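Please look over the sequence and the structure together before reading on.

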Amino acid sequence: MTDTLDPKITAAPANAGSDETVTRPAQPGSAVGQRSALQPPALKRRVPKVADLAPLMQFKKPEFSKTARLKRASTIWELRDIAKRRTPQAPFDYTDGAAEEEITLRRARQAFQDIEFRPGILRDVSTIDLRTDILGKESRLPFGIAPTGFTRMMQSEGEYAGSQAAEAAGIPYTLSTMGTASIEDVATAAPNGRNWFQLYLWTDRARSLELIERAAKAGNDTLMVTVDTAVAGARLRDVRNGMTIPPALTLKTVLDASYRPAWWFNFLTHEPLTFASLSRYTGTVADLINSMFDPTLTYEDLDWLRETWKGKLVVKGIQTVEDARKVVDHGADGIILSNHGGRQLDRAPIPFHLLPEVTAALKADNSKAPVMLDTGIMSGADIVAALALGADFALIGRAYLYGLMAGGREGVDRTIQILEKDMTRTMALLGVSKVADLNPDHVRLLQR
Ligand SMILES: Cc1cc2nc3c(=O)[nH]c(=O)nc-3n(C[C@H](O)[C@H](O)[C@H](O)COP(=O)(O)O)c2cc1C
């Protein structure tokens, strides 16, 4: 098919300056006709009137409050920008960074970009229901908060902000063994929340047992055992920043304080920073992990844990199909595909890539154990893609920490709102109104 030109062309007025336009037929083949066909129609200019401007003038009083800034952020990346401005470099890098060359983290984020959604049309998407069941209970949204250590260092509201925001949103919150608030304090801060406890098994079995008992007593229904931390990953940003626990006051940190007075004021006027579940420690995170955690752990230890813990047991840090099958065989109620946010082994498998194979293998084994996933999630669309490819639930690490560093509790609320809004919009545009209706047909993996 060839394009045809309309022989009736609106040409520029001969009497330029007047408000009139003339319409004259183009002569087929004439130079005038061809040139005019490519020119836009003449526009009339006029002197603006004040009355026309009035409705356009919507000057608002500029708002510089923390809340206003958070509200203006509409992506997790924007929260990260605010977080970076408000947090000293060492704690920001501790959160933002990953191991070695940070290849794993980059690939994990890229994996979510390397997809194409396949929307269905003409479906009723007037209401989008994001509720889902996970480990025997309902969660209002299909994601929860991943365990993160040393959270009060990022912002002094730390674990309290995370657990209370999760409670308000109706989603699970996981407290880390390396948390800076105790199991009991988190239970008191978020009494109606669904609190999970993450365990690093360590050499001293009696102390692990004590923690497990405290977690059960405080009402935690799920124990999440992390198995990807036999030794510490090489987090080079921490090495370069000389990051220690607690943060050391050096000339550099004192200078840093002058740009981030609010962080330092909070830091110095709240409870001193300690690992609530560990004995008092000073030194680098890597040294702490290497001295506390047990590189001799095996499947026998998982069996011990299975016998000891009566609630739901999930294993975090699964990175192969074989291990996914094996931990379920050993009695895990659920698995988390995770490479620890790229903070342990660099060039590790990417959970999102593993997902289809793992879900197929567990299905073939007739397993009902939910498959959860973390690492690299920076938007609600990432979570939708993971659910479509077979994940039952997602966990967010940095996404909530960026919110926390940007604005404490309000910042974590904002993270959850952004992700919820993203998911609602993405599902509506995909033509899907509830989580259970997402399936692999909604996602096409692009080849790099
Ligand atoms: C600052 C920080 C501290 C973390 N601490 C722990 C921890 O104590 N225990 C654990 O199992 N995982 C820990 N993780 C890993 C997270 O639970 C989660 O696997 C990871 O953050 C997911 O990747 P994402 O940050 O891209 O969402 C930590 C992650 C970050 C960023």
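Which helices each supply at least two residues of the shell around the ligand? They are α5 (89-96) and α19 (398-430), where helices are DSSP runs of H or I of at least four residues, strands are runs of E of at least two, and both are numbered from the N terminus. This is a predicted model, in which local features need pLDDT of at least 70 and side-chain atom pairs count only at pLDDT 80 or more, whereas totals for chains, interfaces and linings use all residues. Residues are numbered from 1 along each chain as its sequence is written.

Of the two helices, α19 gives the most to the shell, with 3 residues. The ligand has 24 residues around it, of which A146, G149, G341, G397 and R398 come nearest; a residue is near if its C-beta atom, placed from the backbone, lies within 6 Å of the molecule.

The protein as a whole has 19 helices and 14 strands, and 44% of its 448 residues are buried, that is, with 20 or more other C-beta atoms, placed from the backbone, within 10 Å of their own, while exposed residues have 12 or fewer and partly exposed ones fall in between.

After α10 comes G219, with a positive phi near 90 degrees.
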